[in-house]
Amino acid sequence: MSAPTRDPYDGLAGTAGEPVLGRASIPAGLKIAPQLPEYPLLDDEDADQDVDPDEDTQPIPVPPATGRAVVGTPLPNQRTAATDTAVILANQPPIPPPPPPVTVAADDAPPRRSARRVVPKPKWVVAAVLVFVFVSLLLVEAYANARFTPDHQSEPGPTTTVPDQILEGGPIINAVPGQDPRSYRMPPKTIALTFDDGPDPVWTPRVMATLDRYHADATFFVVGSQVVRHPGLARQLVDNGHELGVHTFTHPDVATLPEWRRRMEYSQTQLALADAAGVRSSLLRFPYSSRADAIDDAAWKLVNQAGGLGYVTVVNDRDSQDWARPGVDRIIANMMPEGDAGAVVLLHDAGGDREQTVQALERFVPMMQARGYSFVTVTDGLRQALTDPETGAAPTVLRNPPAAAAEQQRGLALATAIRIADWSLDFVAVLFLIVGILTLARTLLLFVLSGRQARRRRGDWSWGPPVTAPVSVIVPAYNEREGIESAVRSLAGGDHPGGIEVIVVDDGSTDDTADIAESLNLPNVRVIRKPNGGKSSALNTGVAAASHDIIVMVDGDTIFEADSVRQLVQPFADPEVGAVAGNVKVGNRASLVARWQHIEYVIGFNLDRRLYETLRCMPTVPGAIGAWRKDALLAIGGMSDDTLAEDTDVTIAFCRAGWKVVYEGRARAWTEAPASLGQLWRQRYRWSYGTMQAMWKHRRSLVDDGPSGRFGRRGLPFLALFGIALPLLAPVIDLLAVYGVLFAGRGETALAWLAMLGLQLITGVVAFKLDKERLTPLWTLPLQQFAYRQLMYLVLIQSLVTALTGGRLRWHKLRRTGEAAVHT
C-alpha cells in the first residue's frame with residue numbers, strides 16, 4: 001500500500017525529509033534528544049501575577065546534564081538542542097541528587113529574562129464591549145420592530161375634563177398651554193385624505209400613484225421606524241406634494257406609556273423625517289385614535305401634552321375602517337361626508353393587505369371630484385379654514401417646514417443605528433438558517449452512516465483471524481499520582497492472550513508518580529524516568545523502548561476493562577488498518593458537569609467516530625485509548641509536538657499516508673473528566689486550539705492526490721463545518737431564542753426550541769443505544785443547553801481568536817482526583 005507525501009515538512013516525511021513511498025520501516029528505536037519548549041514561559045508581565053493553584057501548568061525545566069542515552073535512529077520530527085535529555089530505565093542507578101539550592105537575597109536577584117508572551121491576556125473588556133454592542137443592536141432592533149395591531153374602536157372613558165368645544169368640534173385640535181383649546185374642521189367640499197402606518201414598500205407607492213393620477217394631495221401619518229427603513233418613499237411623498245405627519249416611532253398605545261417615552265416616540269419620528277426627507281411636521285396623530293367626540297379624559301391629557309410640545313393633534317371625521325377589509329363598497333360608504341361638508345378621512349397605506357383601499361380610492365376620488373370636492377392636505381385645509389372670508393387673509397401655515405442641519409445629522413445617526421440593527425438581525429437570521437441546515441445534515445449523516453456501521457458489525461462479525469501478537473502499552477505520565485496505580489493495574493491485568501508490556505514514561509513529574517508505578521512490582525511493567533519534555537516526547541520515548549510491533553497509547557488517568565486491550569487490537573487483522581480508536585467513557589459521573597461530558601462523549605465523540613470511519617476520514621484517535629502499528633508510526637515520524645492536539649495530528653497523518661483508521665466500540669476505557677467548569681475550559685481550550693493547529697498543518701491535503709487528498713477533501717471540510725463552524729454559529733440559536741421570548745412570538749419560539757431539543761434527544765437516544773448505555777443521564781440534556789453549551793461556544797471563540805492572532809498556548813495539565821471508575 002502506498003503512503004504518498006507531497007511535502008517533507010507537513011508530517012508525512014521519512015528520514016532526512018525523504019518521501020515515504022510505502023510501508024518504510026525505520027529501525028526500531030529512537031534517539032531521545034531534548035525538546036525546545038514549544039510553548040515558552042511567561043514574560044515579566046505574567047510573572048508578576050499570582051499563579052492559579054488550579055491551573056497546575058506543566059513546567060518545562062532545563063534537563064540535568066547527565067549525558068545521553070542513544071537507541072537507534074532519531075525521529076525526523078524530534079527537535080534537538082545542545083543539552084541532551086537522559087532516558088533512565090527503572091532498573092538503572094538513580095541520578096545523583098542535584099546540589100542544594102542557593103538562597104539569593106532579593107537585592108542580589110538577577111533580572112528576569114524577558115520572554116515572548118505565551119498567549120495574550122483575555123481581552124475581557126473588549127469582549128464585554130462587543131457583547132454590549134451586539135445586545136444593544138438587538139434591543140434597538142426589538143424596539144424598532146415593535147408589533148402593532150390595526151386601528152380599532154374602543155369604548156371611551158369619562159369626559160369630565162374635556163371641553164365641550166372639543167367634543168363637539170372638528171378633527172384638528174390645537175391645545176396650546178395658557179390658551180383656550182380650539183378645534184377646526186375642513187371647509188365645505190374639502191376632503192383631507194389621511195393615511196396611517198406607512199410608508200410601506202408595496203402599498204404606499206400604489207396609493208401615491210392613484211392620488212397623483214387624479215392630482216389629489218393627501219397627508220400621510222408615518223411611523224418613524226418605517227421611515228427609517230424606507231426613506232426614499234418618505235422623500236418621494238414630499239416631492240410629489242403630499243404631507244407627512246407624526247404617527248409615533250413604533251406605533252404603541254401612547255396612553256400606556258410614561259411621558260418620557262411618549263416624547264421619545266415623537267422626537268425620534270421627527271429625526272427620521274429629517275434624515276429621510278429633510279423636513280419636520282407639527283401634525284400628530286395618536287395610534288388607535290378616533291373621532292373628536294370619542295376623546296375622553298385620558299386622551300385629553302395626551303392632547304394637552306402634545307400641544308405643549310408644539311403639535312396639532314389630528315383625529316378624523318370619517319373612518320373608512322379599511323383595516324378590517326369590509327369590502328370596497330363598504331369602505332367608500334364609510335368615507336362619504338354628510339351633504340357638502342368637508343371631512344378628514346382616515347385610511348391606511350400599511351399594516352396589511354391594502355388592495356381594497358387602493359380600489360376604493362380609484363372610485364372615490366374621481367367620484368367626489370365630479371361633485372366639486374377638492375382633495376387637500378391637512379395643513380392646506382387648516383389654512384383655508386383660518387382664512388378671513390372678507391379679506392381673504394390667511395395665516396402662514398407651512399406644510400412640512402425644512403429641518404435644521406443638526407436635526408438631519410441626528411436623524412442620520414438614528415437611522416444608521418437602526419439599519420445596522422436590521423442588518424445584524426438579518427445576518428443572524430441567515431446564520432440561523434445555515435446552522436439549521438448544518439444541524440440537519442449532520443443528524444441525517446449520523447443516523448444513516450453510523451447506523452450502517454453499527455448494523456454491519458452485528459452478530460458474529462469479526463475483523464478477521466484473532467490478533468494474538470504481543471502488545472506494548474505506553475502510559476505517558478506527569479503528576480498522575482492519584483490515578484496511576486489504578487491505570488497501571490488495569491492495563492497489566494488485561495486478558496490479551498499474546499501478552500501485554502506496560503511502559504510508564506514519567507515525564508519529569510514533581511510528585512511520586514514513578515515511585516507508585518514501580519512499587520507495584522508487576523512483572524510486565526517498566527518505568528522510564530525522563531526530564532520533562534511534553535507529552536509527545538514522553539510517547540516517543542515509550543515507542544523507542546517498546547518491544548512489540550503493536551503500540552497502545554493510554555493516558556495516565558485512564559482505566560481499562562480486562563478485555564479492552566484485546567478488543568482494541570483486533571482490527572489489525574485487516575492489513576490496511578493502521579490505527580484504532582477505542583471507546584472513551586467518563587469514569588467520574590458524580591457531578592452535573594461530568595454527566596454533561598458523559599453525554600457529549602457518547603453523542604459527540606463515539607457516534608461521530610462511527611460516521612468518520614464509514615467515510616474513511618477519522619480525524620482523531622483519542623489519547624485515552626488508541627492503538628497503532630509501530631512501523632507506520634515510525635514511518636510518519638512518530639508523535640509530533642507541532643500542535644497541542646498530538647493525537648489529532650498523528651491521526652490525520654495516518655489517514656493521509658493511506659492507512660485505514662477505524663473505531664472499535666467494544667474496547668472501552670474509563671477516563672477522569674474535568675469536574676469543574678474552570679478545568680473543563682482549560683481542557684477544551686487546548687483541544688480546540690490544537691485541532692485548529694492540526695487542520696492548518698495538514699491544509700495541503702486539500703489539493704493532494706490519493707489518500708491524502710481524499711482525507712483533505714472529506715475530513716478537513718467535515719472538521720471545519722461540524723467541528724468549528726457549527727459550534728461557532730450555534731449561539732445564534734440561543735440568541736434568537738432569547739430575542740423571540742422577549743420581543744417576538746413566545747409560543748413560536750418555545751416550539752422551535754423544543755423541536756431543536758427533541759432532535760438532540762432523539763440523537764442522544766440513538767447514540768446511547770448503539771453504545772449500550774443507560775438512558776438515565778439524558779434527563780440532564782435540557783439543562784445542558786443553558787450552561788454547558790455556552791461554555792463550549794466561548795472556548796471555541798477564544799481558541800479561534802488565539803489562532804488568528806498568532807498567540808501561543810501553554811500546556812495546561814488538569815488536576816486529577818483519581819475518581820475514575822468502571823461503570824457497568
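Which residues is L796 in contact with, leaving aside its neighbours within four places in sequence? Select L796 and look: S688, M692, G723, I724, P727 and L728. Contact means heavy atoms within 4.5 Å.

Two notes before moving on. This is a predicted model, in which local features need pLDDT of at least 70 and side-chain atom pairs count only at pLDDT 80 or more, while totals for chains, interfaces and linings use all residues. Residues are numbered from 1 along each chain as its sequence is written, and side-chain values use heavy atoms, with hydrogens and water left out.

**Stop 1: around L796.** L796 lies in helix 25 (residues 788-805). Helices (H or I, at least four residues) and strands (E, at least two) are DSSP runs, numbered from the N terminus. With a relative accessible area of 5%, L796 is buried. Buried means under 20% relative accessible area, exposed over 50%, and partly exposed in between, with a 1.4 Å probe and protein chains only.

**Stop 2: the largest nonpolar core.** A nonpolar core is a set of buried Ala, Val, Leu, Ile, Met, Phe, Trp, Tyr and Cys residues joined through side-chain atoms within 4.5 Å. Select M553, W628, L633, V650, F654 and V661, which have the most contacts inside the largest core, a set of 66 residues. Helix 21 (residues 706-729) gives the most to this core, with 8 residues. Then centre on L633, which touches V543, M553, G638, M639, V650 and F654, not counting residues up to four places away in sequence.

**Stop 3: T651.** Select T651 in helix 19 (residues 646-656). T651 is buried, with a relative accessible area of 0%. A polar atom of its side chain lies 2.9 Å from the backbone nitrogen of V621. This is a polar contact: a pair of N or O atoms within 3.5 Å, where within protein one must be able to donate a hydrogen and the other to accept it, and residues adjacent in sequence count only if both atoms are side-chain atoms.

**Stop 4: helix 17.** Select residues 592-615, which form helix 17. Where is the kink in helix 17 centred? Go to Y601, where the kink is about 30°; the bend at a residue is the angle between axes fitted to the seven residues ending there and the seven starting there. Of the 24 residues, 19 are buried, so helix 17 is largely enclosed by the rest of the structure.

**Stop 5: N316.** Select N316, in the loop between strand 8 (312-314) and strand 9 (318-319). N316 is buried, at a relative accessible area of 3%, and its side chain reaches the backbone oxygen of S290 at 3.4 Å.

**Stop 6: the loop between strand 4 and helix 4.** Most residues other than glycine have a negative phi, and most peptide bonds are trans. Select D197, found in this loop: its phi is positive, near 80°. Next, select G198 and P199, where the peptide bond is cis, with omega near 0°.

Note on methods
Expected span 1.5 Å × (residues − 1).
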